[in-house]
Amino acid sequence: MSDEHEETNQAAFAEIETRQVTINGQLLQLAIKHGRGSGPPLLLFNGIGANWELARPFLEALTHTTAIIFDVPGVGGSPRSLLPYRPSTLARLAAALVAELGFAEIDVAGVSWGGGIAQQFAHQYPKLCRRLVLAATAPGVTMVPGGPSVLWKMMTPRRYTDKDYMNRIAADLYGGAFRGDPSLIGRHAATMHGARNLGYFYQLLAIAGWTSLPWLWSLPQPTLVLMGRDDPLVPPINGHILKALIPNAELQMIDDGHLFIVTKPGETAGLIEAFLADASKQVEPSSPLSRMTGWVRGFVPTLGRRDAQAQQGNGDAGRVA
């Protein structure tokens, strides 16, 4: 194969195909990043108010995996639905989209708000979903929340429409790299053009009262949980809860904030692709009792480590004084 032919193939795989499709009467803005691998495609659910372009750095960082992402109704290029919806509605819409694209098996990933939809999809369509990736997310309303001021900033779509406001709050809201690199805020804000007020409200309404806690133990998929160490919006302890309650889950911590999928796309894509390609991942049976036992075993050491760190910090402070 000539170098010119190889470069042409690489360019083709680097491209992201976009088009609009109608699924169950709903028009959707769709983007597909074609990969060279032979594994199932990765269906990605984005964060609240986020148009698909915000995930472009991550999509471009994927080397082998074909990835599918769509703007949910009322966001980006997808017009608002006539009525509000629930996570189960979006899961059904996504499953119909996957069938329309001709795939019999997929991997599923979700970021933040989209992590809830990904959990619902894995629960609702266990035979369709091979593996699950949960990034910077939690088990719904039963999560350990961030601070009140952080949650208040998240409740409004203003950051998607007011670039100055976004510049003021990004570091406090997202943490991590956004604290030390103001240029990241500008680049991220420039890509935002998706959330509309009613569409954003529908997203908030969809997740209101929803929780995956009663059935996390029943998820059969090997699951990768990714959490940022400095995440003001979804504190890392939520990742420990997900890891403890999902039978075949593993937890990876990333030295960044809430949007590590944007600020560290290469590292994030590498972790996810390695997990998806690992043939050693096996499905193990579970029960509510065994998962609760595992949760207690995992949660108590976590608290112990936090107490030890706090005591060490107090001791260090005393020695400095």
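A residue counts as buried when its relative accessible area is under 20%, as exposed when over 50%, and as partly exposed in between, with a 1.4 Å probe and protein chains only. By that cut-off Ser112 is buried, with a relative accessible area of 16%. The structure is a predicted model, in which local features need pLDDT of at least 70 and side-chain atom pairs count only at pLDDT 80 or more, while totals for chains, interfaces and linings use all residues. Residues are numbered from 1 along each chain as its sequence is written, and side-chain values use heavy atoms, leaving out hydrogens and water.

**Overall make-up**

The protein has 13 helices and eight strands; these are DSSP runs numbered from the N terminus, helices being H or I of at least four residues and strands E of at least two. Of its 321 residues, 50% count as buried. With contact meaning heavy atoms within 4.5 Å, 75% of the contacts between residues at least 6 apart in sequence join residues at least 24 apart.

**The sheet**

Eight strands form an open sheet in the order β1-β2-β4-β3-β5-β6-β7-β8, with mixed pairing; two strands pair if DSSP finds at least two bridges between them. β1 (16-23) and β8 stand at the edges with a single partner strand each, so one side of each has no neighbour in the sheet. From one strand to the next the twist averages 20 degrees. Such angles run from 0 to 180 degrees between N-to-C directions, and axes are lines fitted to C-alpha atoms, for helices over the stretch in contact.

Strand β7 (residues 223-228) is largely enclosed by the rest of the structure, because six of its six residues are buried. Thr223, Val225 and Met227 cover one side and Leu224, Leu226 and Gly228 the other, and all are buried. Strand β6 (residues 129-135) runs parallel to β7 and is joined to it by four bridges. Six bridges join β7 to strand β8 (residues 249-254), also in parallel.

| Residue in β7 | Opposite residue |
|---|---|
| Val225 | Leu134 |

β7, helix α10 (residues 237-245) and β8 make a right-handed β-α-β unit. Right-handed here means that, with the strands pointing away from the viewer, the path from the first strand over the helix to the second runs clockwise. Helix α12 (residues 265-277) lies across β3 (42-45), β5 (106-111), β6, β7 and β8, and runs at about 155 degrees to β6.

Helix α5 (residues 148-155) packs with helix α7 (residues 163-174) at an angle of about 135 degrees, their axes 10 Å apart. α5 is therefore oblique to α7; under 35 degrees counts as roughly parallel, over 145 as roughly antiparallel, 65 to 115 as roughly perpendicular and the rest as oblique. Val150, Lys153 and Met154 of α5 make the contact with Tyr165, Ile169, Asp172 and Leu173 of α7.

**Two loop residues with positive phi**

Most residues other than glycine have a negative phi. Ser112, which is not a glycine, has a positive phi of about 55 degrees and lies in the loop between β5 and α4 (113-124). Ala136, in the loop between β6 and α5, has a positive phi near 50 degrees. Ala136 counts as buried, at 0% relative accessibility.
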